[in-house]
Each structure stands twice: as structure tokens, then as C-alpha cells.
Amino acid sequence: MQTWRRLAESTLSEFIANPVTQNEAGGAEAEVDYLQILGGTHVDSVDRLGAKFEELGLTKPEVLEMGAYYGVVSSALARGGAAVTAQDVSRMMNIPALQARYQIEGVETKTLDDVSMGLPYADASFDALICCEMLEHLPFNTVRLIREMRRIVKPNGFAFLTVPNQASAKRRLQLMRGLPIRECVSRWIAAPHDDNWHWREWVDSEFRELLLGGGFTRIDLDFRHFVAPAHPNHLRRALVNLMYAVKPNLKDDIFVFAS
């Protein structure tokens, strides 16, 4: 089999070349832009998940991805032999071409619009639960959702979660300039019916506390970038990369394996 990284890269390339949205969810142009900008995080997630499956000896893990969106991670994992359920809101899951893609990839789908009311799965249903860049969009106390995640993950399984790092270098610079660290009010005014904002972000100590409060007992936490630094000035780029090497907690993203 291809390495997990190569599998994810080939899946991402296929999906960029063949967008499934037209008038839905912002249209094909928005879909391609999203995948090109954040596709690196999808590849990184699949690579890390594949390594974890191999470490645990899981040859056909049962996986739930919450907030699967365009399906790169779910589809790549299914191609690698996992039994995957992709869950998202009806706005996404009701797109016919996206449903057809999931069927072709052999991915089960679940539509769930309100995760605050619990998760519709039996105890210890999944070897792995994936939730990437979703928790920050939820306008409620997420402790109860974390407890639901712990409930449906098998005792020897794990959750893989990622969130934006509120203490990143980018966020700190915004505050120093007197700018908001999340969406500014002008964007709310321009789109008063859009609730897809970041309602909450975390620093690493808080995110660890959240997961412990939700019932997980082992938290392996680290940092990564949404997009690797690519400033055209080579010296500046080298200095920025050196800063991140010395202080990785200044990177954009927090990721966690929790069990």
C-alpha cells in the first residue's frame, strides 16, 4: 500500500481537480480554495492517524470523523482500509455529489445538525474519533460534547482533535496591533445570518484541561501550522522557521491524541 501521506496527497489532488459543490456551500471555487489552503493539514492528519493505527496494530479500524466537510480525510482513510463514518451538518451532507463521492469511497455518512444534544452512537463504538477545526465553531460549553466523544471511543481507542492556537504568534501580533484575534464585527454586520465563526479558541493548557474534564486521561499535545511559512524573503522565512523551532507553541494549530 502507498504510505498514508502519499495516499492523502493523491486523494487531495483528485478532490481539488473534481470539486463536488456548485451553488452549495460557496460553490466550486470556494471548495478548491479551501482545499488548496488547508489541504496540507488534511495530509498531515492522515499521516499521523495512519502511524497511530500501525502503532496500535489496527488493520481495519472503525473511525468516526466529525465535521468531515469535503471528505478528504475520511476518503483517504477508507482507501487505506479503515471503516469510516463521516458526519456533518445537513447543509453539507445533503449535497448530492458529495453523497455520491462518499458512496464511491465506501464511507458511511451521518447527518447531525446539533451535536450539543449528544452523539447517536452506542458506547465504545469507534477505535478512533477525528474532529479537526470544528470545536471552535460551537457556541456552547463543549465539555459535554467531549464527554460524549470519550463515551463512544473504545477503551483502548483514541480521539484526534485539532483547534486553532489562541496564543499563536499571529494572534499575539494581532493583539499588539490592537486588532481582534477572531472575526471582526464588520464581518458579522456584512453577514448577519452567518453563524460559522470561531466562538471559542484555546491555548494549550486550557485545551488539555478541557479534554481532562471531558474524561480523557492521556493527552499527547503538540503544535503545527495551517500553512507553512512561505514569505518571499528567504532570510525572513528562515528567521520565522527558527522562531517556530525554538517556540513551537507559537504555531497556528494545536493537535492532540487523547485516550
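1. In this predicted model, strands E1 and E2 run parallel and are joined by 5 bridges. Within this pairing, Glu65 has Ala86 in E2 as its bridge partner. On E1 itself, 4 of the 5 residues are buried, so the strand is largely enclosed by the rest of the structure.

2. Strand E1 also pairs with E4, again in the parallel sense, through 4 bridges. Here the bridge partner of Val63 is Ala128 in E4. Strand E4 is largely enclosed by the rest of the structure, because 7 of its 7 residues are buried.

3. From E4 the pairing continues to E5, with 6 bridges and a parallel direction. Leu129 stands opposite Ala159 in E5.

4. The order E3-E2-E1-E4-E5-E7-E6 describes an open sheet of 7 strands with mixed pairing. Its edge strands are E3 (108-111) and E6 (219-224), each of which pairs on one side only. On average, neighbouring strands of this sheet are turned by 15 degrees against each other, direction ignored.

5. Helix H6, residues 143-152, lies across strand E1 (62-66), strand E4 (126-132) and strand E5 (153-164). Relative to E5, helix H6 runs at about 145 degrees.

6. Which residues of helix H3 are buried? They are Val72, Val73, Ser74, Ser75, Ala76, Leu77 and Ala78. Helix H3 covers residues 72-79, and since 7 of its 8 residues are buried, it is largely enclosed by the rest of the structure. The elements that cover these buried residues include helix H1 (4-17), H2, E1, E2, helix H5 (96-105) and E4. After H3 comes Gly81, which has a positive phi near 110 degrees.

7. Is His42 buried or exposed? His42 counts as buried, because its relative accessibility is 14% and the limit for a buried residue is under 20%. The residue is placed in helix H2, residues 27-56. Leaving aside residues up to four places away in sequence, His42 touches Tyr34, Leu35, Val72 and Val73.

8. A contrasting case is Ile189, which lies in helix H8, residues 185-190. Ile189 counts as exposed because its relative accessibility is 65%, where the cut-off for an exposed residue is over 50%. Together with Val185, Trp188 and Trp199, Ile189 makes a nonpolar surface patch of about 420 Å².

Definitions and conventions: Residues are numbered from 1 along each chain as its sequence is written. This is a predicted model: local features need pLDDT of at least 70, side-chain atom pairs count only at pLDDT 80 or more; totals for chains, interfaces and linings use all residues. Side-chain values use heavy atoms; hydrogens and water are left out. Patches are made of residues with over 30% relative accessible area and no salt bridge: like charges are joined within 9 Å, nonpolar side chains (Val, Leu, Ile, Met, Phe, Trp, Tyr) within 5 Å. Accessible areas come from the Shrake-Rupley method with a 1.4 Å probe; for residues, only the protein chains shown count as cover. A salt bridge is a side-chain nitrogen of Lys or Arg within 4 Å of a carboxyl oxygen of Asp or Glu. Helices (H or I, at least four residues) and strands (E, at least two) are DSSP runs, numbered from the N terminus. Buried means under 20% relative accessible area, exposed over 50%, partly exposed in between (1.4 Å probe, protein chains only). Two strands pair if DSSP finds at least two bridges between them. Axes are lines fitted to C-alpha atoms, for helices over the stretch in contact, and angles run from 0 to 180 degrees between N-to-C directions. Contact means heavy atoms within 4.5 Å.
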